[in-house]
Amino acid sequence: MTLAVDFLPPGRALRQQISDDDRLKRAVMFVVGIYLVIALAIPLFVMLSKSLSTYTFDLHQFEFQVSDESGGGWSDPVTAAALNTAIAAFPESDLEAGADGRLQAAKLFADFSFRSPVRYRIRGTSEEAHFLAGSQLVRGTEWKEYDSNHFRRVMLRPSRSVGLSNFTEYFSTPSLVRSIKNSVMIALISTAVTLTVAFGLAYALNRSRMRGKGAFKLIVTIPILVPSLLPGIALVYLFGNQGVFKDLLLGHSIYGPLGIVVGSVFFTLPHAFLIISTALSVADARHYEAATSLRASRWRTFWTVTVPGARYGLISAAFVVFTLVITDFGLPKVIGGQYGMLAVDIYKQVIGQQNFEMGAVVSVILLIPAFLAFAVDRMTQRRQVALLSARAVPFEPKPRRGFDAACFAFCSLVAIFVLGMIGMCQVAALVKFWPYDLSLSLRNYAFDLMDGGGWDAYYNSIRLALMTAVIGSLIVFTGAYMVEKTKGFGLGRGAFHMLAMLPMAVPGMVLGLAYIFFFNNPGNPLHGIYGTMAILVLCTVTHFYTVAHLTALTALKQLDPEFEAVADSLKIPFYKLFFRVTLPVCLPALLEIAIYLFVNAMTTVSAVVFLYATDTKLASVAILNMDDAGDIAPAAAMGMMIFYTNVAAKLLHAVVARLLLARTQGWRQVAQTAVPA
Amino acid sequence: MPFSKAFLGAATAFLLASTAAYAEAELTVYTSVEAVDLDRYKETFEKAHPDIKINWVRDSTGVMTAKLLAEKDNPQADVVWGVAATSLLLLKSEGMLEPYAPKNVEALDPRFVDGDKPPSWVGMDAYVAALCYNTVEAEKLGLTPPTSWKDLTKPEYKGHVVMPNPNSSGTGFLDVSAWLQTFGEEEAWSFMDALHENIAAYTHSGSKPCKMAASGETVIGVSFEFPGAKAKTSGAPIDIIFPAEGSGWEAEATAIIAGTANLEAAKTLVDWSISKEANEMYNVGYAVVAYPGVAKPIENLPDDVAEKMIENDFEWAANNRARILKEWQKRYDAKSEPKS
């Protein structure tokens, strides 16, 4: 045998064969990857280029002729540029304009008078040139003649070009630049406050023996179920000029930084609490025993054992809260008063002033802190090591009367804060005319009589939430499965993973604006989905992709890879394995993803505020619009409708999950006998 | 038989033509009229023209304008019915409107018709700037009601005036442009400098200041007459004050979008939108309508609202909008940091 081999020419290098299964998996992964590219990467790129799209007055584009006093004897044609150089009518800075910029042509003539008998002619030197005669648009290279009284109404229009002038304009407008500082400040303060409160809560719930832990845990998660607009509305009723507790503010106004910080603490608290609580729930009792035997004080033990043990949770929570606050739009819109914030600036530029280019500039700026927070968080996560070794002894708190009472008091305070905000909204929604007629009435629920979208908006929101939950869970889970269970192909998997992590760093406002630029282009083959429910679903799934993806990955990683190995050797195609084993085992995680997407689709404002159309108005957007129009009590009523819907969805989820869990258990008993065969 | 062939051809052509005439036309109509009024407008029109069906697309003025501009190269609307004239001038300057002189346009108050011939837009009704003044809160604070715009700069009102931000609200812009037109630029800016000292907040929308006054969040809301009358009806303790110098105003107007596939139906709608019947319909909510002699007084509003309106030069306002807003932003946005 060995001899025979010597006569053979050298064969191909040995390579593991790619099976049909792998090819199929890669193809599916590719499809989900393409989805992320179209729904995320390309729109963001288009937005970036939009921020560089500028409008300038190109004075070489216009030519003039002037008559003598008799209305005849025309002068030689002269360009606007030459006229401007001669008398410096417009400084260079005036030539940079927005989409609605106008220059009065008469200003180019120093001796212009609308009473003189002199006549004027104007034409473009290229087809691009356009100007207004009064409010009439004129294009082209034909001479147009006006008497002086009409010539004063001639306005030159800017043309499109590319450059950084939007950014220079941004940084030379103090009110816009101040928003950067404001946003960072508010985010930092809110993060510090939220972290302190959340740590206190998590500490009390994990390290004390107080009563009512279950109830407190439930109450703390309530803010997840409402849009961030709602705490703003609650604060207006609690501390506004007609607020119940106005006097507590000692003359300070709730409209502004104070309101934004208090509201931010409310809506970020559950996020921070869940992360820190997970970090504090694992502790090694041996460390505490060591501390006690070394006679360390409680205070010292706290700072040298407890806090370091939870440090990765704290860092992670800090970045999550910071990002949530700096990218949130609903809360500062309602309670921010005149205090400029980046996310609100985007809305004001786009909706208030139709200045899409400046909206894109603010978006690019808002991306920077969000990206930084995201990158730093990823880096610290990587350094995290397992805290618990196999020999760890779980820490069991001992009852300590004083400490437990203090914990209970603190948790009660937080619970009152959360319930008070929600309760205030419900009361406000039911009162006839705050504060002058406090009789009860359902008048504020007559949404059809208000601006904002009426009851249809509420039903649309439920439709969106259901579609997002179903379609989103499918896409996310499929993507996560392919990236986790495909062998080799490291480059593709790495790229996919990065794409899946990206949505976390992209604020909703930015994503929504990017979608306008990308999908509202008649040249785009996907233009058809603009203004439909489909684009709202696409946007919402993409916006909340990352957390769902991570949940799916965690569940999939718990599955022993041996299943695949066994299936491979038995020549069972992967999709059979997927439907028979993987999917049933991962069902609880899948449900978790679905409910996460449902709740967030109900409450999101920022991602969809630019994308809804008349027949796809949403409840959360209706809150925004009703508050904007001053109908704040109906806005509170709609907010409470979202809250109750989410509570119902959560309850339903709990019931279904319990039933399924019972069935999964049964499946496991069968599986133990079936699979090894 | 050449005769019968020709006859057949003619008959077919006639049949085709008549089915075309009876086919139901559908119009996509963009609007910013109040949500409450939509069904009533649609019903009244479709009763008069059963062969044309209206599909509303409604949003606030700012959003609607943004939407129309965004669709500039690929318009989705056939007609715009009930959007601010200033916004329509913006669309006109982009060449997006189809000029058309509707039947009987000469019957309208000329202030409500585009200056060019044929006009690109025709007006329906007007909303007029007014102050909403909360009498209960004013009494608590011992304030006296203002009677003019200039009164608003009195030190006693410090922190008690709310007005819409002209950068995001059409109502806010019509106030500023009216002051510039009636006081002259220099005086107007110094008036606004003084007013700024008294302003508690600049809101995003034009009706919010009035609703804030209605609920006691502020004492004086610079707004317009319509939400004031409505809030008073539902029990708010407010007075509606028209300042002595005269009020800025904005026309709600109708226009045809250039390039519509339903030009004939669109013309029918625009013809009807300026009819006496339509104006009577607008009068249910609006005190001032474009058709002279139609308007009947509205509950809680004086009979002579039309006389409070200043001479408003829409074209000047539209062509100077960018400049005015930039100046406003420079003066007041930069300073509008809260004190707390």
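Reply: Domain bounds here come from an automatic or database domain assignment, and chain A is divided into domain 1 (56-160), domain 2 (169-382 + 389-441) and domain 3 (445-674). This is a predicted model, in which local features need pLDDT of at least 70, side-chain atom pairs count only at pLDDT 80 or more, and totals for chains, interfaces and linings use all residues. Residues are numbered from 1 along each chain as its sequence is written, with chains lettered from A and ligands numbered from 1 in the order in which they are written.

Between domain 1 of chain A and domain 2 of chain A, the C-alpha centres are 56 Å apart. Chain A gives 47 residues to the contact and chain B gives 53 (C-beta atoms, placed from the backbone, within 7 Å). On the chain A side, strand 8 (136-139), helix 6 (174-207), helix 14 (342-352) and helix 24 (619-628) each give two or more residues, and helix 14 of chain A makes the largest share, with four residues. Helices (H or I, at least four residues) and strands (E, at least two) are DSSP runs, numbered from the N terminus.

In the loop between helix 3 (80-87) and strand 4 (96-97) of chain A lies A88(A), which is not a glycine and yet has a positive phi of about 50 degrees. L250(A), also not a glycine, has a positive phi of about 50 degrees, and its place is in the loop between helix 8 (229-239) and helix 9 (257-281) of chain A.

Terms used
Contact = placed C-beta atoms within 7 Å.
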